[in-house]
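This report describes selected features of one protein model. The sequence and structure are shown first, and the description follows.

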Amino acid sequence: MVVATLRNTPREETVKAYVTMKLENQMLGMPVSCVQDVLKNRMITPVPLTHECIAGVMNLRGRVVTAIDMRKRLGMPIVEHGPDDELTLVVVNYHEELYGLIVDKIGDVLNLPDNKIEHTPPHLKEHWKAIASGVYPMQDSLMVIVDPERLFVV
């Protein structure tokens, strides 16, 4: 008689890379597959009659990039940028269009296992919930995982 034994084989963890960025003390993560570039000190030309979170446009190697002020997009206190202030932009490719997300600070690239990303908590402010696909528990905070499909819907 042949007895088959079943073994619990561990499932392969799916790991994805995220570019981290900060707005005040809140960390965000954007899938690295969406990020095309990180820029500093670009001239942004204001465009009248656009949505309030649109800071303007800029030229990146001959392509027009729409600059989005992430603080305004998320209902955070506004920081006025002077002509000599250094801006940090994360350039994202969304449906073949380029967008520069103005953030306070760029972080590292983190490889995160999918099974450790949790559902968006119900207590997050509506602006944050609107752009999040989930959260990743960090040592002393939560990193909001930004969903590009949600971010660019205003």
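## Arg-73 and its surroundings

A polar atom of the Arg-73 side chain lies 2.9 Å from the backbone oxygen of Leu-151; a polar contact is a pair of N or O atoms within 3.5 Å, where within protein one must be able to donate a hydrogen and the other to accept it, and where residues adjacent in sequence count only if both atoms are side-chain atoms. Arg-73 belongs to helix H1, residues 70–73. Helices (H or I, at least four residues) and strands (E, at least two) are DSSP runs numbered from the N terminus.

Arg-73 is buried yet lacks a salt bridge. The nearest side chain of opposite charge, that of Glu-52, is 8.8 Å away. Here, buried means under 20% relative accessible area, exposed means over 50%, and partly exposed lies in between (1.4 Å probe, protein chains only). A salt bridge requires a side-chain nitrogen of Lys or Arg within 4 Å of a carboxyl oxygen of Asp or Glu. For charge, Lys and Arg count as positive and Asp and Glu as negative, while His and the chain ends are not counted.

## Basis of the model

The model is predicted: local features need pLDDT of at least 70, side-chain atom pairs count only at pLDDT 80 or more, and totals for chains, interfaces and linings use all residues. Residues are numbered from 1 along each chain as its sequence is written, and side-chain values use heavy atoms, with hydrogens and water left out.

## Overall architecture

The protein chain contains 3 helices and 10 strands. Along the sequence, these elements follow the pattern β-β-β-β-β-α-β-β-β-α-β-β-α. Of the 154 residues of the chain, 38% count as buried.

## Salt bridges

The whole structure holds 7 salt bridges. One of them joins the side chains of Lys-16 and Asp-114, at 3.8 Å from N to O. Lys-16 lies in strand E1 (residues 15–23) and Asp-114 in the loop between strand E8 (105–113) and helix H2 (126–131), so this pair ties together parts that are 98 residues apart in sequence. Lys-16 is partly exposed at 42% relative accessibility, and Asp-114 is partly exposed at 28%. Arg-61 forms a salt bridge with Asp-37, with the closest N and O atoms 2.8 Å apart. Because Arg-61 sits in the loop between strand E4 (54–60) and strand E5 (63–69) and Asp-37 in strand E3, the pair ties together parts 24 residues apart in sequence. Arg-61 is exposed, with a relative accessible area of 61%.

Lys-40, in strand E3 (residues 35–40), forms a salt bridge with Glu-86, the closest N and O atoms being 3.6 Å apart. This pair links distant parts of the chain, 46 residues apart, with Glu-86 in the loop between H1 and strand E6 (88–94). Salt bridges that share partners also join Glu-24, Arg-71 and Asp-104 into one network. Lys-40 counts as partly exposed because its relative accessibility is 41%. The C-alpha atoms of Lys-40 and Leu-89 are separated by 6.3 Å, although these residues are 49 apart along the chain.

## The second largest pocket

The second largest pocket contains about 180 Å³ of space. On a 1 Å grid over the protein atoms alone, a pocket is an open set of points where a 1.4 Å probe fits, with protein on both sides within 12 Å along at least five of seven lines; lining residues have an atom within 4 Å of a point. Its lining includes Leu-23, Met-76, Lys-125, His-127 and Trp-128. The lining residues divide into 6 nonpolar, 3 polar and 1 charged.

Methods. Points joined across faces, edges and corners; volume = space filled by probe spheres on them. Nonpolar A, V, L, I, M, F, W, Y, C, P; charged D, E, K, R; others polar.
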